[in-house]
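Keep the sequence and the structure in view as you read.

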Amino acid sequence: MEMLLFSTWVLMPFLILLVSPVAGEELFEVTMWPEWPVVEAGKALWINCSTNCTYPGKGGIETRNINTTMKKEGTHWKMFYLSNISQNTDIFCYFICSGIQKKKSVRVIVYRPPEQVTLILQPAWVILGSNFTLTCHVPNVVPLENLTLTLLQGTEKLHRQTFMTVSEVLQDAWLTLNITAQREYSKSNFSCLAELDLRPHGEQFSASSDPKMLEIFEPSWNNQMLVIIIITILLLLVFVISVCLCFAYGHHWRQHRTGGYGVLAAWRNHRIRRS
């Protein structure tokens, strides 16, 4: 019995320390909601800061270059309204409990969904076997690393591209593909699909371009023969004209030489007669 009383007396200070408010408050936590905030560029966001401290002291939020207003509060929580968020930023929430301050931070991710998707088909009229180009353009999108562009022939995927660039500002996304014209592409509708995937913390956005139709010209045997005949006729015509010009020039040259020798002979005969 005496041994039990002695043990209780020795352990009592530690038991008092464990159950005292000060010791308990040292283990308090600060939490924020949402834990993974995602907001569209230029829009606003609600942030809730809370603590499990029994008697919390001062609490608040720390941000950079963001307009922040406290809208509501309770004993263990505060609600803040953040407006006109234009870029990714870190937000810190803090509370003081029994003279101890703790912080919690979250990173706000700013996005801009693909709103305008343009497909350029060049040229829109090609000969079978020649090349044409598909160019997809998406302006002012962020984050680029969450964007996927897909070129489609009807519903069939031709090419899919993701972006490795980590961006925090609005950027233009481009995708260019060179293709050889095949018969199955004739009269086909080509389009571009842009997808911005922010899951699991945000939504998935998508937008498509207007379709573009490709015209493919396939030369037939009759057309080829017509081209050959026309070229042959032109070559023959050039040959005939060349021969005629050579003949006329040669005849004129001979006449010129013969005329000169005739005058000289008549002059000699005239001198002989006078002598």
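Q: Is Cys93 buried or exposed?
A: This is a predicted model, and every value here is computed from it. A residue under 20% relative accessible area counts as buried. Cys93 has 0% relative accessibility, so Cys93 is buried.

Q: Which residue forms a disulfide with Cys93?
A: A disulfide needs two cysteine sulfur atoms within 2.5 Å. One partner lies with its sulfur 2.3 Å from that of Cys93.

Q: How many residues apart in sequence are Cys49 and Cys93?
A: Cys49 sits in strand β3 (residues 45–51), and Cys93 sits in strand β7 (residues 89–97), so the pair ties together parts of the chain. Their separation in sequence is 44 residues.

Q: Where does Cys53, the partner of Cys97, lie?
A: The sulfur atoms of Cys53 and Cys97 are 2.0 Å apart in a disulfide. Cys97 belongs to strand β7, and the pair ties together parts that are 44 residues apart in sequence. Cys53 is buried at 1% relative accessibility, and Cys97 is buried at 0%. Cys53 lies in the loop between β3 and β4 (59–62).

Q: Is the disulfide of Cys136 and Cys192 left-handed or right-handed?
A: The sulfur atoms of Cys136 and Cys192 are 2.0 Å apart. Cys136 is in strand β11 (residues 131–141) and Cys192 in strand β15 (residues 189–197), so the link ties together parts that are 56 residues apart in sequence. The torsion about the S-S bond is about -80°, so this disulfide is left-handed.

Q: What is the pairing of the bonded cysteines, numbered in sequence order?
A: The count is three disulfides. In sequence order the pairing is 1-3, 2-4, 5-6.

Q: Which residue meets Glu62 in a salt bridge?
A: Side chains of opposite charge can pair when their charged atoms come close. For Glu62 the N to O distance is 3.2 Å. Glu62 lies in strand β4 and its partner in strand β8, so the bridge ties together parts that are 41 residues apart in sequence. The partner is Lys103.

Q: Which residue meets Arg107 in a salt bridge?
A: The N to O distance in this bridge is 3.2 Å. Arg107 is in strand β8 and its partner in strand β7, 17 residues apart. Arg107 is partly exposed, with a relative accessible area of 33%. The partner is Asp90.

Q: How many charged residues are in the lining of the largest pocket?
A: The lining divides by class. Nine residues are nonpolar and five are polar. The charged residues number six.

Notes: Residues numbered from 1 in each chain as written. Predicted model: local features only at pLDDT ≥ 70, side-chain atom pairs only at ≥ 80, totals over all residues. Heavy atoms only, no water. Nonpolar A, V, L, I, M, F, W, Y, C, P; charged D, E, K, R; others polar. Helix = DSSP H or I, 4+ residues; strand = E, 2+ residues; numbered from the N terminus. Buried < 20%, exposed > 50% of the residue type's maximum accessible area, 1.4 Å probe, protein only. Salt bridge = Lys/Arg side-chain N within 4 Å of Asp/Glu carboxyl O.
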